[in-house]
Amino acid sequence: MTKQYDLLVIGSGPAGESAALNAIKHDQRVAIIEQQSWVGGACTHQGTIPSKALRHTVRQVMRFNRNPIFRDLGDPRTVTFPRLLSAADDVIKKQVALRSKFYQRNRIEVIAGVARFHDAHTLMVTREGRERRVTAEKVVIATGSRPYRPDNIDFNHPRVYDSDTILGMQHTPRKILIYGAGVIGCEYASIFSGLGIKVELINTRDRLLEFLDDEISDALSYHLRHLGVMIRHREEYAAVNASDRGVSLVLESGKTLRGDALLWCNGRTGNTDRLALDSIGLQADHRGQLAVDEHYETSVEGVFAAGDVIGWPSLASAAYDQGRSAAASARGKEQCRFVDDVPTGIYTLPEISSVGATERELTEARIPYEVGRALFKDTARAQISGETVGMLKLLFHTKTLEILGIHCFGAEAAEIVHIGQAIMKQKGEGNSLRYFITTTFNYPTMAEAYRTAALNGINRLACEN
């Protein structure tokens, strides 16, 4: 039996969820197809939620061990990796329950199974050998991504992991090799080093997270090394050899690194290989990702895509907005938001967040700018909480005082950045450094770092004049 919908959404991660909810709120008949046993997608089960839950627990352990009051109670606490995973499981269960309620309350049908295209309006959904046909006027592909796996590495070996399978590791290694120093690699380097595990972080590029402001990237490098992480830049792997005794990573430079486990964090692949895209004349690129226009429509009319499956920025925050816009475009809305301006949120220890231009970008564009800084160690709230590492950095135009970039490194950076982002979004004279000087901030707070940074920048201009 074939059932007709206005919109079919493949995948229940952030992009798929927001697309389905947007469509149902506009009285469309909607169903969402999910191949996993529970809703939430990779974001909930393998990516954002579990890794951030792990990080939070490690951060709590580190704060406990740093606090002299708790140290007086006994020896520093050590936590095994499997014990950490149990904390993450609790959060995952809560997220699944919450998201399941969204579908139940809004009467969105969730179809379990693997979807593939029969034609542009028909999907075949397979589960446990049974096949079901569903049709719709429009389709949104929100299948997400998975870790990229080179063919010459044995990921079935119990000592070789990627960012999905690491969540099933049932031992605590003494030393772990992490290949790939992107966002995921740096976050896991923080997590493992915070547990007291030796970490070697192999970076294929010249510096960590090159898209960041140089000063922030340098700060991250310093603090990872402070945690004991050994960072190796400009290295490429030649071979991975795993045995019962450990893992050796042979580099093209001739070095051989050895550890108890290897975590592969070098790239991701869009989940498009099981969609039978050829049947509708749609082609993914070499990384399994789909190209879309400013309305999130693919080259096939009526087929849209959003989230990690379309590539940059591959963030859950962006995926929610992309899915909403894709659903709006699918029902014929002419104007929808194309997500091209999002803050970074990197949950290392300490965390990083930024929005807008970097110093390098402004210099290359020959835009006259100045810098205002506030060091967290000088703020009362940071001294009270013990989170004194980090800073807030404001880049602003020397003539108009327009905020051009905000870069934050330290505790709660991903929260703090949104205050400045709100000012940057104001039109005309509303975007001005003077807002932070003429506004009274609660004391003591981390937010008052904006006032300190703004005054620091204004004073620098005054000294130049």
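Visitor: Is V110 buried, exposed or partly exposed, going by its relative accessibility?

Guide: V110 counts as partly exposed, because its relative accessibility is 37%. Here buried means under 20% relative accessible area, exposed means over 50%, and partly exposed is in between, using a 1.4 Å probe and protein chains only. Before we go on, please note that this is a predicted model: local features need pLDDT of at least 70, side-chain atom pairs count only at pLDDT 80 or more, and totals for chains, interfaces and linings use all residues. Residues are numbered from 1 along each chain as its sequence is written, and side-chain values use heavy atoms, with hydrogens and water left out.

Visitor: Where is V110 found, and which residues does V110 touch?

Guide: V110 is found in strand β3, residues 109-112. Strands are DSSP runs of E with at least two residues, helices are runs of H or I with at least four, and both are numbered from the N terminus. Contact means heavy atoms within 4.5 Å. Not counting residues up to four places away in sequence, V110 touches I32, V39 and Y103.

Visitor: How do I read a nonpolar core, and which residues touch the most other members of the largest one?

Guide: A nonpolar core is a set of buried Ala, Val, Leu, Ile, Met, Phe, Trp, Tyr and Cys residues joined through side-chain atoms within 4.5 Å. In this model the largest core has 51 residues, and L8, F117 and I141 touch the most other members. Helix α1 gives the largest share of this core, six residues. There is also a second, separate core of 41 residues, which includes L84, M169, I231 and I352.

Visitor: What is F117 in contact with?

Guide: Leaving aside neighbours within four places in sequence, the contacts of F117 include I10, L123, V139, I141, L277 and V303.

Visitor: How can I check the length of a helix, say α6?

Guide: The expected span is 1.5 Å times one less than the number of residues. Helix α6 (residues 183-194) has twelve residues and should span 16 Å; its end C-alpha atoms are 17 Å apart, which agrees.

Visitor: How many residues of α6 are buried?

Guide: Ten of the twelve are buried, so α6 is largely enclosed by the rest of the structure. Among them are C186, Y188, I191 and F192. In α7, the buried residues include I216, L220, H223 and L224. The buried residues of α7 pack against α6, β10, β11, β19, β21 and β22.

Visitor: At what angle do α3 and α6 pack?

Guide: Axes are lines fitted to C-alpha atoms, for helices over the stretch in contact, and angles run from 0 to 180 degrees between N-to-C directions. Helix α3 (residues 48-66) and α6 pack at about 35 degrees, with axes 9 Å apart. A crossing is left-handed if the near helix is turned anticlockwise from the far one by less than a right angle, and right-handed if clockwise. The crossing of α3 and α6 is left-handed.

Visitor: What about α1 and α8?

Guide: Helix α1 (residues 14-25) and helix α8 (residues 316-330) pack at about 35 degrees, with axes 7 Å apart. Their crossing is right-handed.

Visitor: Which peptide bonds are cis here, and what is omega?

Guide: Here is the general idea: most peptide bonds are trans, and most residues other than glycine have a negative phi. In this model, a cis peptide bond joins W312 and P313, with omega about 0 degrees. P313 lies in the loop between β17 and α8. The bond from Y443 to P444 is cis too, with omega near 0 degrees. P444 is found in the loop between α12 and α13.

Visitor: And where do I look for a positive phi in a residue other than glycine?

Guide: Look at L401, with phi near 65 degrees, in the loop between β21 and β22. L401 is buried, with a relative accessible area of 8%. A276 also has a positive phi, about 55 degrees, although it is not a glycine. A276 is partly exposed, at 32%.
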